[in-house]
Amino acid sequence: MERPIHFCITPRGARIAYAVVGSGPALVIPPGWISDIETGWDDPAHRAFGETLAQHHTVVTYDKYGCGLSDRDRTEFTLESELEVLDAVVEHLKLKRFALLGMSQAGPPAIAYAVRSPRRVSHLVLYATYARGATSTTPDFMRAFVDVVRSAWGVGSKALADMFLPGAGAEQLSAFARMQRRACTAEMAAHLLELTYDVD
């Protein structure tokens, strides 16, 4: 299933990459911590998940501002800035009503959007997420993890791979490191990680 990539512009002028695949009721999936919708579609498991959803839905995904094919000049890291991008994609596609799937770090923006625009969100689906980032881990772990991201980004760090890909082999580690390098810089990844802990 082909999934062409398009672009829209936020009210503040940031260019955001998005993709639409399938047909049926709209399902918007905001990005988690980092994103690269182009590389993600090359991953067999990720693609199978998207294609399964697309059998019954029009699936909308997009790159987080600062990641993937979206503009990389992001300097504001707030829940409001996340909502601005989500709203820009939805408005660009003229979606009147849609389901919202918030996984991992995309949970807080999905929850906030549904609370603010309840008539537009037909369903709110949450998976492996939270409402307050501070409850997701301890302050010590947060600081250590941010340090690992800054120092070992894009090199197939075993610490990162063990968290996201337990038991990964050499090929998976290589693909994981490649995705990190393509998704964003180490500094951007660290800022976005700090946002996940700060968001409420």
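Start with the largest pocket, which holds about 1500 Å³ of space. A pocket here is an open set of points on a 1 Å grid over the protein atoms alone, where a 1.4 Å probe fits, with protein on both sides within 12 Å along at least five of seven lines. Grid points are joined across faces, edges and corners, and a volume is the space filled by probe spheres set on the points.

This is a predicted model, in which local features need pLDDT of at least 70 and side-chain atom pairs count only at pLDDT 80 or more, while totals for chains, interfaces and linings use all residues. Residues are numbered from 1 along each chain as its sequence is written, and side-chain values use heavy atoms, with hydrogens and water left out.

Next, select Ile34, Gly40, Asp43, His46 and Met179: of the 41 lining residues (those with an atom within 4 Å of a point), these lie nearest the centre of the largest pocket. Then colour helix 7 (170-183), the top contributor to this lining with eight residues. Helices (H or I, at least four residues) and strands (E, at least two) are DSSP runs, numbered from the N terminus. Helix 1 (37-42), helix 2 (44-54) and strand 4 (58-62) also supply at least two residues each.

Now move to the second largest pocket, with about 240 Å³ of space. Select Ser104, Gln105, Phe145, Met163 and Tyr197, which lie nearest its centre among 13 lining residues. Finish on helix 8 (186-198), whose three residues are the largest share of the lining of the second largest pocket.
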